[in-house]
Amino acid sequence: MKLAHPLSPERRLMSARDLAWLTASLAIVTAPHALRAPWWLTGLTLCLYGWRLYCTLNRAPLPSRWLVLAFALAGLLGVWLEYRTLFGRQSGVMLLMLFSGLKLLESRTHRDAAVAAFLGYFLIVTNFLYSQTIPTAAAMAAGVFAITATLVGFSAPQRAAPANARTAAVLLAHAFPAALALFLFFPRVDGPLWGMPRDAYTGLTGLSETMTPGNLSQLAQSDAIAFRAAFESEAPPAAMRYWRGPVLWDFDGRTWSGASGGSTPFTPPRGTGAYRYSVVLEPHNRRWLFALESAARVPEHAHMTFDGQIYADGPVRSRILYNMVSITLPEARADEQPRWLERALRLPPEVDPRARELAREWRTGSHSDAEVLARALGFLQRGRYAYTLDPPLLGANSIDEFLFDTREGFCEHFASSFTFLMRAAGVPARVVTGYQGGELNGADHILTVRQSDAHAWSEVYLRGRGWVRVDPTAAAMPTRLQAGLSGALPQDARLPLMMRADMEWLRGVRSQWEALAHRWNVWVLSYDQDRQRSLMLSLGMRSADWRNMTATLFTVLGVLTLALLAWSLRRITRPDPVQKAWQLFCGKLAARGVERAGHEGPRDYSARAARALPGSRRAILRIASLYIALRYGARPSRAGTERLRRLVRRLELA
Amino acid sequence: MIGALLERHPRLANWLYGFTPPERGTVVLVHRRVYIVPTRLGALFALTLLILLIGSINYSLSLGFALTFLLAGMGLAGMVHTARNLARLAVSTGRAEPVFAGEAAQFRLYLDARGAFDRPAILARHVGSRSQLVVDVPGGGIAEVVLAVPAERRGWLPLRRVMLETRFPLGLFRAWSYVEPDARCLVYPRPERSALPPAIAESASGGLRSPVPGNDDYAGLRAYQLSDSPRHVAWKAVARSDDMLTKQFSGEAAAELWLDWALLPAGLGRERRLSRLAGWVLAADRSGRNYGLRLPGVEIGPARGDRQRGACLQALALYGEPS
């Protein structure tokens, strides 16, 4: 018969303390999900946790397996009704959260509880699908600690909880060096390994491929960071900070959309005002990379389109870092193909008659395209337009309505209308979207560009000068460039909290925080195959393939384990040398037939031994008295210990 | 199967376990003797890590990698901590009080932490009898483990192999070690109740010729002597005064009772005889009389008290046994 093993987790029942720790750990790691989950699922999960606590506190029986199964099926049905799938990312995470409650409810033994704790690890990692910021990392570190303390509690049920928590902290501290080595040297593979669920990347914000009145102003209300740029020396002045994104060619009367013209061999622009910088781009699930106008190089794994957009090889689904060089004052280059110039003049028929009429007036009254341009800018400047994040809804003739009736709009209205007017007047023009400005951090000279810096402007093609950037918003609202969004909007406008100008001290704190967050992004979150390779090369490795990395990893881990072993034995007392010498002495006497009896003290024993072995009488008594002095004397000396050891070693019994 | 193999080849077992039994004095669990393997929970943990790693790769989650690696490091640290929980632990044994066959010998093991750190949740299990106990050894302290080992037959009962095991701190690894300390317990024969033989006054001691009167003839009190059985102490009288007093029975001092092997029926086997004699010793001791024991080749002169009882029972326990 197999005997119950008192240490085996299958046999040990969870105590109230174990349950309290486990529930608290699961609550920590579920909390961020609970805020995202539909209300009924959060409520259900909390009820399951509460039910389990109730059962233990009131010694009530746990619900039967069938009841738990029924809850599981009900939860599955609910999730399916909510998301219409069970295998998407969001629905998967929600199911995991539900299962944590169900597993907790049916947990009786330590084994069940450990499985529930491991589920907690999965809940932690799924949190990182949504956010990998420092606060998230800190919250989840608390979760890891709680789960670890819970597991320690399972294996030492009789020990005080604070002592177990301390052991958990020591374990995690000891785990850290190995974790660092693994993080740096574990050969990284570029994901994904298989197809992702369709909703894997929802919730990422950023510019879209099209521009409709209203979508940029909505984006501009988000505080989320689009990217950060670290300049090697000075950052360009605010008015030069145009970060080029999608270029839009085609207008259907309401929406501007891009043209796919393929890539052309890239010829870097010449000019002055060069800036070198690196960009840490947040994932936005689209292919374009942002660069200061005009980009003078193309990052790795990317190409440049004929209209100056930089496209990555695949959608940007994780934070990436790339190095850039840009020329802010490029030389003129008037070499556009005629078919593109023709396309830059196309307009939908029969919409916005008033704008067309205005453009026709400008055309007939001007001698050159440049003059038309000047008239248009003058029109916007005099037009008393208002800049707002809440533009009124526009009807079928959106350009006319904005220009002549509502006169309130966001940058997309200005860019759209201006480009329309230019085309109607026969000047080739296109819309460029991207970001304008960004906030320079006083702490580390890093420019942070947020979604609220999203912007749209125009480019017109002038004979002899090529494509020229024109910012109609800046023409109408000169403060937009100097002071950013908050300077251009009226003071009482709804603005993201961090964008408000009147909180100086808050901005200071934020600068420090942003600097930290940037470092976090660069060193922790963007650590990938490329950075790993460059680290290996900088460590003097000739080639940074996976074999070298694995060898390095195992070496480091081996050394760390040995160090840990050495530490673990450090505080264990070694046998006392005096005692060791005495035992050797007793052994020698015993070999001659004088064995020490259990009750005999050193004095009696040596006296008896001296009588039995009269030939060595003096040596025996000397050793005994020295031993007594060292062991029971007030001040044992090292020299005495040495002498005792020498005497015993040399003792040869006659 | 391996167990049977080791049973048949004790030297192989000695080599495997790293010591030759029995071990005298204090046994220190050095590295060579502590084994460690992952538990089933450890395998589940490894599977969890693998899934976390694949998920992190698939979704390019930097913090997912960080979590996975932190947990892997924790598993590694946990392994070292588990080994440390037993490393260089000192095991010594205490005296085991004699018991009668059929009872359980209570072996005392002392686990000395020999270090400032706690060693929680250490299981001590007697391999032969599966008697087991979980103790926490406090840092710098000693924990006592009492293992109840069934004593089947009279004679010396050696402790034999004891397993020490721990899964602290995470339960992902199981470390264990075997010790076989040189501890033994004296097992008296199983006592068999029967009427005492008539006490015949020996001619050598002179005096009385007649059988002594009943052993419950209360004769008075006298001052307590260290050798007196606690059963004869007049507790009521002690409660009234501060002096320890012993009840005296008539004839106690005069009559001598010999518990003689030869008095038993001839057809009785050796073990039955020893059992019968053990029963007599207990009965005689209870009566508070002087008694002596005669076995072939062994004679213990008449006396009374705990010492006499112990000497007689030991002689019975070890009769015919190699010492």
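User: Let's start with an inventory. How many helices and strands does chain A have?

Analyst: Chain A has 22 helices and 17 strands. Those are DSSP runs, numbered from the N terminus: helices are H or I and at least four residues, strands are E and at least two. Keep in mind that this is a predicted model, where local features need pLDDT of at least 70, side-chain atom pairs count only at pLDDT 80 or more, and totals for chains, interfaces and linings use all residues. Residues are numbered from 1 along each chain as its sequence is written, while chains are lettered from A and ligands numbered from 1 in the order in which they are written.

User: What share of chain A is buried?

Analyst: Burial is a neighbour count: with C-beta atoms placed from the backbone, 20 or more others within 10 Å makes a residue buried, 12 or fewer makes it exposed, and in between it is partly exposed. In chain A, 38% of the 654 residues count as buried. As for contacts (C-beta atoms, placed from the backbone, within 7 Å), take those in chain A with a separation of 6 or more: 72% of them join residues 24 or more positions apart.

User: How do I check a helix's length, and where does helix H7 of chain A bend?

Analyst: For length, compare the expected span (1.5 Å times one less than the number of residues) with the distance between the ends. Helix H7 of chain A, residues 161-185, has 25 residues and should span 36 Å, which agrees with the 36 Å between its end C-alpha atoms. A bend is the angle between axes fitted to the seven residues ending at a position and the seven starting there. H7(A) bends by about 35 degrees at Phe176(A), with Pro177(A) following within four residues.

User: What covers the buried residues of H7(A)?

Analyst: The buried set includes Asn164(A), Leu171(A), His174(A), Leu182(A) and Phe185(A). Their cover includes helix H6 (134-155) and helix H18 (546-570) of chain A, plus helix H4 (62-86) of chain B.

User: Now strands. Why is strand E15 of chain A described as largely enclosed?

Analyst: Start with the general idea: side chains in a regular strand alternate between the two faces of the sheet. Five of the five residues of E15(A), residues 446-450, are buried, so the rest of the structure largely encloses this strand. Ile446(A), Thr448(A) and Arg450(A) are buried on one side, and Leu447(A) and Val449(A) on the other.

User: Which strands does E15(A) pair with?

Analyst: Pairing needs at least two DSSP bridges between the strands. Strand E2 (residues 225-231) of chain A runs antiparallel to E15(A) over five bridges, with Ala230(A) partnering Ile446(A). Strand E14 (residues 439-440) of chain A is also antiparallel to E15(A), over two bridges, and Leu440(A) sits opposite Leu447(A).

User: How about a sheet in chain B: what is the strand order of the one containing E16(B)?

Analyst: The order is E15-E16-E17 (chain B), an open sheet with mixed pairing. Its edge strands, E15 (256-260) and E17 (298-303) of chain B, each pair on one side only, and the twist averages 15 degrees from one strand to the next. E15(B) runs parallel to strand E16 (residues 290-295) of chain B, joined by five bridges, including the one between Leu257(B) and Tyr291(B).

User: Which helices lie on that sheet?

Analyst: Axes here are lines fitted to C-alpha atoms, for helices over the stretch in contact, and angles between N-to-C directions run from 0 to 180 degrees. Helix H6 (residues 270-287) of chain B lies across E15 and E16 of chain B, at about 165 degrees to E15(B). H7(B) also packs on the sheet, touching E16 and E17 of chain B and making about 165 degrees with E17(B).

Terms used: Two residues are in contact if their C-beta atoms, placed from the backbone, lie within 7 Å.
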